[in-house]
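Hello,

Here is the structure you are taking over. My notes on it follow below.

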Amino acid sequence: MFFRRARHDSLIGLPSLETARLAIAPLGPENAPALHRLTDDPAITGAVDFLATPFTLADAEALIASGRHGRDRFLGAWSREEAAPLIGVVGAHLRGEGAVEIGYWIAGGARGRGFGAEAVSATIDCLRRRFPRRVVVAECRPGNVASWGLLHKLGFRETGSEGHRPGRRQLVLEGT
């Protein structure tokens, strides 16, 4: 009998996480309606270049399915304080042999309350344990003041390089 194990350099099998206010877990097919409701917001689709506008249920299903190969994974962040709505998404993406990239988006009503920092920080801690030899990177538009500030608060510093996506700068987490 053969057993298939997740490759060590795979994001398949990322564990669920809990913080003081959030439950964070990989998104599954059952989460597509919630992902659609959260993400179909011009403030989100306008800031995240790979999201379609409008963001449909089919787009949500496809985004979740994109994690089946283990190079990309999207984690949902659910509030533990309120009626458990999906309030954010953190993406993790293996880049080459030496980096893991993070990205995120937060629902309009949840912005400015620290949920983004809480979700991204917990995800980074998990990724650093899982991939201790990889550097953690992010890309951000310098004009996105809120995200730029959040990344700096978490210890990211600009590398001086352009990001892979138009208009974005690359940042690296110090100490990785």
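A pocket here is an open set of grid points with protein on both sides within 12 Å along at least five of seven lines, and its lining residues are those with an atom within 4 Å of a point. Please keep in mind that this is a predicted model.

The largest pocket

The largest pocket holds about 710 Å³ of space. Its lining is made up of 35 residues, and Val-48, Tyr-104, Trp-105, Asn-144 and Ser-147 are the ones that lie nearest its centre. Two or more lining residues come from each of α2 (42-45), β4, β5 (99-106), α4 (115-130), β6 (135-140) and α5 (145-153). Of these, β5 gives the most, with six residues. By residue class, the lining of the largest pocket has 18 nonpolar, eight polar and nine charged residues.

The sheet

Eight strands form an open sheet with mixed pairing, in the order β1-β2-β3-β4-β5-β6-β8-β7. Because β1 (17-18) and β7 (156-162) stand at the edges with a single partner strand each, one side of each has no neighbour in the sheet.

The pairings at the β1 end run as follows. β1 is antiparallel to β2 (residues 22-26), with two bridges between them, and a hairpin of three residues joins the two strands. The bridge partner of Leu-17 is Ile-24 in β2. β2 also pairs with β3 in the antiparallel sense, over five bridges; there Ala-23 stands opposite Trp-78 in β3. β3 (residues 72-79) in turn pairs with β4 (residues 86-95), again in the antiparallel sense, over seven bridges. In that pairing Asp-72 stands opposite His-93 of β4. As background, side chains in a regular strand alternate between the two faces of the sheet.

Helix α1

Which residues of helix α1 (residues 32-39) are buried? They are Ala-32, Ala-34, Leu-35, Leu-38 and Thr-39. These residues lie on the same side of α1, because they cover an arc of only 160° around the axis. An α-helix has 3.6 residues a turn, so residues three or four places apart point the same way. The buried residues of α1 pack against α2, α3 (57-65), β4 and β5.

Regards

Note on methods:
Residues are numbered from 1 along each chain as its sequence is written. This is a predicted model: local features need pLDDT of at least 70, side-chain atom pairs count only at pLDDT 80 or more; totals for chains, interfaces and linings use all residues. Side-chain values use heavy atoms; hydrogens and water are left out. Two strands pair if DSSP finds at least two bridges between them. Helices (H or I, at least four residues) and strands (E, at least two) are DSSP runs, numbered from the N terminus. On a 1 Å grid over the protein atoms alone, a cavity is a set of points where a 1.4 Å probe fits but cannot get out, and a pocket is an open set with protein on both sides within 12 Å along at least five of seven lines; lining residues have an atom within 4 Å of a point. Grid points are joined across faces, edges and corners, and a volume is the space filled by probe spheres set on the points. Ala, Val, Leu, Ile, Met, Phe, Trp, Tyr, Cys and Pro count as nonpolar, Asp, Glu, Lys and Arg as charged, and the others, Gly among them, as polar. Buried means under 20% relative accessible area, exposed over 50%, partly exposed in between (1.4 Å probe, protein chains only). The arc is that of the directions from the helix axis to the C-beta atoms. Contact means heavy atoms within 4.5 Å.
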